[in-house]
Amino acid sequence: MSEIKEEFREIYETSTTVKMGLGKMKKWLSYAEIILGEVAQTIRHHLADIGNYFISRTTSGVIEGINNKIKLILRHGYGFSNFDRLREKLLACLFY
């Protein structure tokens, strides 16, 4: 299992083009499906989106983190009297 994880990581570290990355990913998936089953099928289903990583080497992780923080602030601030108060709280927590 550890070998499969390391080979997966190596694909991201060594691939320099989308074509190269997706080619390695498809080859990796051909034998990873035996061990990983549904996980490998999910990866195969999202290959086109995964390929976008090889273009700019960025992920949406930062945006996902901001969205989660906003959701937390909304839960804590249930019952804000108006939108301006909510906006002030979001700006204070996210940017200061």
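**A helix pair and the residues around it**

Modeller: Happy to! Helix 2 (residues 18-36) and helix 3 (residues 38-45) have axes that come within 7 Å and cross at roughly 155°. The crossing makes helix 2 roughly antiparallel to helix 3 (angles over 145 degrees count as roughly antiparallel, under 35 as roughly parallel, 65 to 115 as roughly perpendicular, the rest as oblique). Axes are fitted to C-alpha atoms over the stretch in contact, with angles from 0 to 180 degrees between N-to-C directions, and helices are DSSP runs (H or I) of at least four residues, numbered from the N terminus.

This is a predicted model, so local features need pLDDT of at least 70 and side-chain atom pairs pLDDT 80 or more, while totals for chains, interfaces and linings use all residues. Residues are numbered from 1 along each chain, and side-chain values use heavy atoms, without hydrogens or water.

On the helix 2 side, the contact (heavy atoms within 4.5 Å) is made by Met25, Lys26, Trp28, Leu29, Ser30, Ala32, Glu33 and Leu36. Helix 3 answers with Glu38, Val39, Ala40, Gln41, Ile43 and Arg44.

Of its 13 residues, Met25, Trp28, Leu29 and Ile43 touch the most other members. At least two residues come from each of helix 1 (2-14), helix 2, helix 3 and helix 4 (47-51), and helix 2 gives the largest share, five residues. Looking past neighbours within four places in sequence, Met25 is in contact with Phe8, Ile11, Tyr12, Ile43, Leu47 and Ile50.

Trp28 also belongs to an aromatic cluster, together with Phe8, Tyr12, Tyr53 and Phe54. Five aromatic pairs turn up in the whole structure (ring centres within 6.5 Å, using the six-membered ring of Trp; planes under 30 degrees apart are stacked, over 60 edge-to-face, the rest tilted). One of them is edge-to-face: Tyr12 and Tyr53, 5.1 Å centre to centre with 70° between the planes. Tyr12 lies in helix 1 and Tyr53 in helix 5 (residues 53-56), so this pair ties together parts 41 residues apart in sequence. Tyr12 also stacks with Phe54, at 5.4 Å centre to centre and 20° between the planes. Tyr12 and Phe54 are both buried, whereas Tyr53 is partly exposed, with a relative accessible area of 21% (buried is under 20%, exposed over 50%, partly exposed in between, with a 1.4 Å probe and protein chains only).

How values were computed: Core = buried A, V, L, I, M, F, W, Y, C linked by side-chain atoms within 4.5 Å.
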